[in-house]
Amino acid sequence: MARVTVEDCIDKVENRFELVLLAAHRARMISSGSPLTLDRDNDKNPVVALREIAEQTVSPEDMKEDLIHSLQKYVEVDEPEAEAVPLVPSSAPQPTTQVNAVDDSAVEFDRMSEEDLLRGLEGLVPPERSDDI
């Protein structure tokens with residue numbers, strides 16, 4: 001059985017702490033059923049992981065990205081924001097299949113500026129204080 005040392009792996013992964021993290025992550029991947037890139041030679045999973053790193057059959061950069069991804073609890077997805085589409089009235093009336101269909105084209109919304117809103121809030125009277133609370 002060949003002995004794997006830190007010196008065999010340190011030129012592939014410079015930081016010893018990072019080497020331990022990557023080897024442990026790879027050993028867990030092997031335990032969960034990930035295919036081996038080397039013959040096992042009756043070695044345990046951590047030794048196989050170190051041998052794979054030493055012989056460069058797995059990429060340390062890929063393992064590092066996979067480790068970071070496995071530790072993330074929240075993954076932010078950049079989705080494009082929905083653009084507001086103006087309502088275009090149709091030229092011909094559309095047949096409705098619902099019995100109680102409501103025509104939404106007549107609905108209008110009032111627009112209020114920030115100044116109008118502040119003036120309206122200034123005119124409000126606060127509720128009377130009660131001792132029940």
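This is a predicted model: local features need pLDDT of at least 70, side-chain atom pairs count only at pLDDT 80 or more; totals for chains, interfaces and linings use all residues.
User: Why is Arg119 called exposed?

Analyst: Arg119 has a relative accessible area of 54%, and exposed means over 50% (buried is under 20%, partly exposed in between; 1.4 Å probe, protein chains only). Arg119 is therefore exposed. Residues are numbered from 1 along each chain as its sequence is written, and side-chain values use heavy atoms, without hydrogens and water.

User: What makes Asp116 and Arg119 a salt bridge?

Analyst: The closest N and O atoms of the two residues are 2.9 Å apart. A salt bridge requires a side-chain nitrogen of Lys or Arg within 4 Å of a carboxyl oxygen of Asp or Glu, so the pair qualifies. Asp116, at 34% relative accessibility, counts as partly exposed.

User: How do you know that Glu52 is buried?

Analyst: The relative accessible area of Glu52 is 0%, so this residue falls in the buried class. Glu52 lies in helix 3 (residues 45-54). Apart from neighbours within four places in sequence, its contacts (heavy atoms within 4.5 Å) include Arg26, Ile30 and Leu36.

User: Which parts does the pair of Arg26 and Glu52 tie together?

Analyst: The side chains of Arg26 and Glu52 meet in a salt bridge at 2.5 Å, N to O. Arg26 belongs to helix 2 and Glu52 to helix 3, so the pair ties together parts that are 26 residues apart in sequence. Arg26, at 3%, is buried.

User: What makes up the largest nonpolar core?

Analyst: The core has ten residues, including Cys9, Leu19, Ile53 and Leu67. A nonpolar core consists of buried Ala, Val, Leu, Ile, Met, Phe, Trp, Tyr and Cys residues joined through side-chain atoms within 4.5 Å. Helix 2 gives the most to this core, with three residues. Leu19 is in contact with Cys9, Val13 and Ile53, among others.

User: Why does Met112 count as exposed?

Analyst: The relative accessibility of Met112 is 58%, so the residue belongs to the exposed class. Met112 sits in the loop between helix 4 (60-71) and helix 5 (114-122).

How values were computed:
Helices (H or I, at least four residues) and strands (E, at least two) are DSSP runs, numbered from the N terminus.
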